[in-house]
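This report describes selected helices, their packing and a few individual residues. The structure under discussion is shown first.

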Amino acid sequence: MEVTEEQVLEYVRSQIDGELLEHTLRVLEYSSELAKRNGQDQVACERVRIAALLHDSAKNIPPAKLLEISLKHDHPIDPVERDHPGLLHGAVAAFLAREELGIDDPSILRAVSFHTTGEEEMDVVARLLYIADFAEPGRDHPTASTAREIADRNIDEAFRYVVGERLHYLIDSGKAIIPRTLHLWNTLTADSG
Ligand SMILES: [Fe+2]
Ligand SMILES: [Fe+2]
């Protein structure tokens, strides 16, 4: 990878600050810890760290601008995302990382792009980021601590738990569900037989 972690951190610091930056740094440490504990090689660990740093870097961009940038990149926009463009902050973070930093690793870009909604096919980098975003130690919701406990034992189980909890949350709070999140869930239930 041509860009260094320090350069990515510098870029991220220019985009976000305060609690969001603190959350990002906790996701960085926690996802990295999970990756190492699960025996991921150095390349995967580096990908996880860069993806973690970048994942919320577009979160301070206003919704109308998120929509505009996504449209400019011909990003397939779900009707739910059109109604709630804040959901596009991952996709936009990935577009900007490519443009501003020259990051073109598809594993990193997809992990960043789909860290909120998930997608049907998620590699280990995307899965670790998805778990860490939900369960980093600063998250004090009981489901986050349960996710951390499960992640101590089994990453695949933790991933499935987090996908399920996000769905519970959406249903319980009366929010719409993007079809790709449901497709992901169905993939995971198919995995288990
Ligand atoms: Fe996010
Ligand atoms: Fe996040």
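In which helix is the place of Glu 22? Glu 22 belongs to helix 2, which covers residues 18-37.

## Basis of the description

The model is predicted, and local features need pLDDT of at least 70, side-chain atom pairs count only at pLDDT 80 or more, while totals for chains, interfaces and linings use all residues. Residues are numbered from 1 along each chain as its sequence is written, and chains are lettered from A and ligands numbered from 1 in the order in which they are written.

Helices are DSSP runs of H or I with at least four residues, numbered from the N terminus.

## Glu 22

Glu 22 counts as partly exposed because it has 13 C-beta neighbours inside 10 Å. On this scale a residue is buried if 20 or more other C-beta atoms, placed from the backbone, lie within 10 Å of its own, exposed if 12 or fewer, and partly exposed in between. Between Glu 22 and Arg 153 the separation is 131 residues in sequence and 26 Å in space, C-alpha to C-alpha.

## Helix 3 and its cover

Helix 3 (residues 42-54) has 13 residues, and its first and last C-alpha atoms are 19 Å apart, close to the 18 Å expected at 1.5 Å a residue. The expected span is 1.5 Å times one less than the number of residues.

The buried residues of helix 3 are Arg 47, Val 48, Arg 49, Ile 50, Ala 51, Ala 52, Leu 53 and Leu 54. Their cover includes helix 1 (5-15), helix 2, helix 6 (89-101), helix 7 (106-113) and helix 8.

Helix 4 (residues 63-72) packs on helix 6 at an angle of about 55°, with the axes 9 Å apart. Helix 4 is therefore oblique to helix 6; angles under 35 degrees count as roughly parallel, over 145 as roughly antiparallel, 65 to 115 as roughly perpendicular and the rest as oblique. Axes are lines fitted to C-alpha atoms over the stretch in contact, and angles run from 0 to 180 degrees between N-to-C directions. Leu 66, Ile 69 and Ser 70 of helix 4 meet His 89, Ala 91, Val 92 and Phe 95 of helix 6, where contact requires C-beta atoms, placed from the backbone, within 7 Å.

In the loop between helix 4 and helix 5 (79-83) lies Asp 74. Asp 74 is exposed, with 7 other C-beta atoms within 10 Å. Although not a glycine, Asp 74 has a positive phi of about 55°. Most residues other than glycine have a negative phi.

## Helix 8 and its two partners

Helix 8 (residues 124-135) and helix 10 (residues 155-172) pack at an angle of about 60°, their axes being 10 Å apart. This angle makes helix 8 oblique to helix 10. Arg 127, Tyr 130, Ile 131, Phe 134 and Ala 135 of helix 8 form the contact with Ala 158, Phe 159 and Val 162 of helix 10.

With helix 9 (residues 142-153), helix 8 makes an angle of about 140°, and the axes lie 8 Å apart. Helix 8 is oblique to helix 9 as well. Here Ile 131, Phe 134 and Ala 135 of helix 8 contact Ala 144, Ala 147, Arg 148 and Ala 151 of helix 9.

## Helix 10

The buried residues of helix 10 are Ala 158, Phe 159, Arg 160, Tyr 161, Val 162, Val 163 and Arg 166. Just after helix 10, Gly 174 takes a positive phi of about 70°.

Note on methods: Helices (H or I, at least four residues) and strands (E, at least two) are DSSP runs, numbered from the N terminus. Two residues are in contact if their C-beta atoms, placed from the backbone, lie within 7 Å.
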